Amino acid sequence: MRHDILGAGEVGGSHSENLGMYLDMHAHLDKYEAEIADVIGEIKANRILTVSVSMDPQAYLKSKELDSRCEWVVSTFGIHPWNAPAYHADLHVLDELIAQSPMVGEIGLDYHFITDPVQHEAQRHVFRYFVQKGVAQDKILNIHSKGAEADVNTILGDLSVRRAILHWYSGPIDTLQELAEKGFYFSLGVEMLSDPHIQLVARTVSAELLLTETDNPGGYKWLTGTTIGTPALIRSVVAKLSDLRGWRHEQTKHQILENFWRLVADDRWARRYKAEMEV
Ligand SMILES: [Zn+2]
């Protein structure tokens, strides 16, 4: 399944100005507590462009405070599918936060951890609302799809979504291929370290659609039962992805950043980051 656009040794090449950065496309910085000063220090020291998604308005407002404290952080607003029932009756109160947010997320559907069909109905209602707003405002969507990949795929198609990222995709490979045909990106993270199916996903996604993430701080703890993740975990993610693809670490970093800048090429908000970081 290695029919990607990369010839061996071709990645990286002359664009060495980009080599010193990582991308964490999906973290929840609002969930850090006393550690946050160290977390910001670690992001800066490792040069990690970090998209801090949110699960509710409080999380977004907390995360947004970090944007001004750290030039490497981009905070985005969404209602996580687990929180959909609390918001689905009055979504218009969220319009202002959606309008402010540079991207939309975390949004999506979850039929794996949530099994109540009444909640699924609320999830679909909230998800469709955010997707419609995102399309109208031409914003990238950051999507959770656990156990609901087929419905996510259908809704994104029905609503003519142009730009989306499937976060921690763990669904069937045929649905992955349908999503990839629509041009959507896949951000791969910590479960790639241990899970054969996620490793298959990492080998299957074509090179130009790959992104990286940590889902910090909870993703690693959920997976390992040990400690919370900190930003430098992205190094392990890139190292594992490099192993799986047969790329050098720096090639992988370069490919991920090239993909990210292509994805955000039409976004005015991204210009500041590109200007500051591509030096
Ligand atoms: Zn998340």
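Student: What makes strand β1 (residues 22–27) largely enclosed by the rest of the structure?

Tutor: Six of the six residues of β1 are buried, so the strand is largely enclosed. A residue is buried if 20 or more other C-beta atoms lie within 10 Å of its own, exposed if 12 or fewer, and partly exposed in between, with C-beta atoms placed from the backbone. This is a predicted model, in which local features need pLDDT of at least 70, side-chain atom pairs count only at pLDDT 80 or more, and totals for chains, interfaces and linings use all residues. Residues are numbered from 1 along each chain as its sequence is written.

Student: How do you know that β1 and strand β2 (residues 48–52) pair?

Tutor: Strands (E, at least two residues) and helices (H or I, at least four) are DSSP runs, numbered from the N terminus. Two strands pair if DSSP finds at least two bridges between them. β1 and β2 have four bridges, in the parallel sense, so they meet that condition. Leu-23 stands opposite Leu-49 in β2, and Asp-24 stands opposite Thr-50.

Student: Which hand does the crossover from β1 to β2 have?

Tutor: The chain passes through helix α1 (residues 36–46) on the way, and this β-α-β crossover is right-handed (with the strands pointing away from the viewer, the path from the first strand over the helix to the second runs clockwise).

Student: Why do β1 and β3 (73–75) stand at the edges?

Tutor: The open sheet has the order β1-β2-β3, with parallel pairing. β1 and β3 each have a single partner strand, so one side of each is left without a neighbour in the sheet.

Student: Which strands are at the edges of the five-strand sheet?

Tutor: That open, parallel sheet runs in the order β4-β5-β6-β7-β8. β4 (104–108) and β8 (210–212) each have a single partner strand, so they stand at its edges. Strand β7 (residues 185–188) is joined to β8 by three bridges, and Leu-188 has Thr-212 in β8 as its bridge partner.

Student: Why is helix α10 called roughly perpendicular to α11?

Tutor: Helix α10 (residues 233–245) and helix α11 (residues 249–263) pack at an angle of about 100°, with their axes 9 Å apart. Axes are lines fitted to C-alpha atoms, for helices over the stretch in contact, and angles run from 0 to 180 degrees between N-to-C directions. Angles under 35 degrees count as roughly parallel, over 145 as roughly antiparallel, 65 to 115 as roughly perpendicular and the rest as oblique. That makes α10 roughly perpendicular to α11.

Student: Which residues make the contact?

Tutor: Among them are Val-238 and Leu-241 of α10 and Thr-252 of α11 (in contact means C-beta atoms, placed from the backbone, within 7 Å).

How values were computed. Contact = placed C-beta atoms within 7 Å.
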